[in-house]
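Work through the exercises below with the sequence and the model open. Try each task before reading its solution.

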Amino acid sequence: MHEVDGLNAGYASALLEQYLENPEAVPSEWRALFESGASELVATHPGLARLVELLQEDGNGHVATTPAPAPAPPGPPAAEPAPSEAPAEAAPDKTLLAAVAAAMALVKAYRTHGHLAARLDPLGSEPVGDPSLEPGRLEPKLTPELQRLIPADILRVHVPGETLADVLPRLRETYCGTSAYEIEHISDHEQRVWLRSAIESGRYRRPLDADEKRRLLERLSEVEGFERYLRRAFLGQKQFSIEGLDVMIPMLDEAIALVAEEGAHEVVFGMAHRGRLNVLAHVLGRPYETILREFEGERTLEAVASDPEGGTGDVKYHLGAEGSRPTPSGDITLTLASNPSHLEAVDPVVEGRTRAEQTDRSSRTGYHDSTVAMPIQIHGDAAFPAQGVVAETLNLADLNGYSTGGTLHLIANNQIGFTTDPADGRSTRYSSDLAKGFDLPIIHVNADDPEASLAAIRLALAFRRRFCTDVVIDLVGYRRHGHNEQDEAAYTQPLMAALIERQPSVREQYAEELVDEEVVSQEEADALVAAVDTRLKEAHERLKTTFGQEVPAVAYEGRIPASSKAEIVTAVGGDRLRELNEELLAVPDGFTVNPKLAKQLERRRDAIDHGGIDWGQAEELAFASLLVEGLPVRLTGQDTERGTFSHRHLVLHDVHNGQAYAPVQNLREATASFEIHNSPLSEEACVGFEYGYSVAAPEALVAWEAQFGDFVNGAQVAVDQFIVSGLSKWGQTSRLTLLLPHGYEGNGPEHSSARLERFLQLAAQENIRIVNCTTAAQYFHLLRRQALDPSARPLVVMTPKGLLRLKQAASELRELTEGSFLPVVPDPVADPSRVRRLVLCSGKVYYDLVGHELRQQAGWIAVGRLEQLYPFPVDAAGALVRSYPSLEEVVWTQEEPQNMGAWRAIRHRLEEALSPGVRLRFAGRPWRASPSEGYPTAHLKEQDRIVREALSPS
């Protein structure tokens, strides 16, 4: 089978590629074909022409010749010669062919496993190496003589050299030095090829000139001097020093300059506490005095009192900041996101903030330009593989609704997590291995080689610019002190602590190197250190002169702005709503909506004039009315385009070609964007992302919808640490709206409750709004109020399931064109003079009450609705109670168990509203560990019991 025709040439070419990397990987008959050299495919393979030429040589560089035969004795005249046969081809040297295959395997080994032999640890641990990197262990052994016979150009390497002998030392230096690379796991061929070329050519590892080296040394001196001054001046206070990873600051400097050069206007940073103060001072440009004040604030009341804001609501190493930095390409905004102690929780928040900065919300669909801003995430080596939110956030990277065009991930690798060794903290060799599952390139670099560290940044950002995706740098350093400055690392890692104590800092090493190169003198290097210390001392003295000068008039908590009392007009004119309704039902010519769905949508045309506007229609009209008023809307979540319960249908799909069309994105008079995206099936990252987006886009109504309300449990960290406490901790709030399907309908414990009680427990100081509304019109006004209220707050909505199509919950057009959202809704039919019992409830249980057979017999009972649970509508609730002059009893009725739902959070408010002699009692499920029954029949029985308890005579 020595012929390779056009039908199987592609298959044969693929096998030849495998053979060149590993001869044993291909079938024996194909191996024999390749080693014979008889195939035209072999002869035409790029680079093999030179090899074929070598195979004709005698091993000493001379063309092999066959000795001439002795003259034949005279004989009879020769017969007519037979037709001449083609001369036999010279047999190739199988050893050399095998050596070429071994050489290809060696090159692949350096690209794939070279990192195992790299000198990445500043503390000097020996790399483990790999046998595949040793030429003498291959078959055949790649001796120096064989290496000199193998042309470099057939190996497809990008380091300079004529033969394998020339390029092998350069490959070793490239892949096994103080930088190392993991790229061969990437499935995209173009990315792999680009990375090989970029790495091996060294085009991003250019040598620094003398001025650049001096500036780098000066920067390292500032970084080190800052940490050492804080430790001397504030002995024992926590600062989470960057020492051991000092080069991270020059790396961020380099990244900012490159991003600005590419046209970005902003960089958004996310990081935990390690090195944060140094980033605030030297990257964000925060004055030394403001950081020193935080330390003094722990020592003297005067220092806090002299701050015009009256102190802060969080520790100094959680605070965010914003600054502007001049670059040769122009000024660039730098934003460091506030974050809690929950390591990595800030990751999706940073991505959301960045996406908001990249989005033009004046366009109808929200045009996304990833060159406008870039996110940089600084991770911990223990947290990156261990915190699930990291994987959730990485999964967003290339999704249409979440991509930011590539994030620079920088792992601040201390080689330890608090007191836990890597062997106890992860199941992978490297802390960065998680990124392999997302096809991201990984650059490892020794933190004590500052020039290699800068080169890693240049390579990473070039890759991002070329492929618009994430890239990871694993900066391998150490932690010079304990987890914090009060911690003694030698208790748990005595050997590492001893090594670190003897280890000169990166500034000291680099200064010594530059002195040896005669770039600076020792005196100049020492002067840089002294200058930093002097600047810090002067800043500290200036700060001390301000102590106690003026105590703020209000305490810190008073800084939280109260909710707006402004009148908010949420009603929309009837003609406008009719026009919008028609546009929302229009599709392009030739677009075919699913016939079954088309009938459902057509009913919305009739509902405008004859009543029956359901939840989905009211919601879409609210969104549309905001868009034509210039207010952008972003709606994401689990199955949000259609809606979990098939009630929304904001995105339509042509039944013939699958093409998608969203009428709400094509309104003629819309002057703002409408973004809608189905989210991945995760909660913490998605909710965190939308929180970040909403903070950066305060004018937008940003909403996230859970498939079922209980799914928000998976985002509890985002809720606790950002949504409900961000205002108190950082003065940061948003309009983020959580749509959480809630209601007891026999679907079991997991899909009944959105855990209303948890949000009520977290509600204080008017930090959030919590609503459980019962009609489509109420929902319409609520959404518009949330977008229009000048005082932004997160909104938590217990959205319905069964009410989505319930006729009694539908609304008429006049209810949208008149009025506003009502926090309390009185009984529309009860005679106040006859009412002796007020049954007060919230949400879907209202319809269970008014639809029950006992309700028709109980004219002495009024059923009122508490639509807004927080902030509690004190005045409206009091007015409702007072409107019944003969009232004897109020019964709070809820579907949830007594230890859940609203009861325990609002009971005191209800008691305050009662007149003397009016009693209060509870009707609902008893205290339970699980929200509801698992069987529909048991559910129906319990619902009936609750309603009877609320409506039956005492």
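**Exercise 1.** Are H22 and H23 roughly parallel or roughly antiparallel to each other?

*Solution.* The model is predicted: local features need pLDDT of at least 70, side-chain atom pairs count only at pLDDT 80 or more, and totals for chains, interfaces and linings use all residues. Residues are numbered from 1 along each chain as its sequence is written, and side-chain values use heavy atoms, without hydrogens or water.

Step 1. Locate the helices, which are DSSP runs of H or I with at least four residues, numbered from the N terminus. H22 covers residues 574-584 and H23 covers residues 595-610.

Step 2. Take the axes, lines fitted to C-alpha atoms over the stretch in contact, with angles from 0 to 180 degrees between N-to-C directions. They come within 10 Å and cross at roughly 170 degrees.

Step 3. Angles under 35 degrees count as roughly parallel, over 145 as roughly antiparallel, 65 to 115 as roughly perpendicular and the rest as oblique. H22 and H23 are therefore roughly antiparallel.

Step 4. List the contact residues (heavy atoms within 4.5 Å). H22 supplies Leu577, Arg578, Asn581 and Glu582; H23 supplies Arg604, Arg605, Ile608 and Asp609.

**Exercise 2.** Describe the setting of Thr404.

*Solution.* Step 1. Thr404 lies in the loop between helix H16 (388-394) and strand S8 (408-413); strands are DSSP runs of E with at least two residues.

Step 2. Buried means under 20% relative accessible area, exposed over 50%, partly exposed in between (1.4 Å probe, protein chains only). Thr404 has 2%, so Thr404 is buried.

Step 3. Leaving aside neighbours within four places in sequence, the contacts of Thr404 include Glu351, His368, Pro375 and Arg464.
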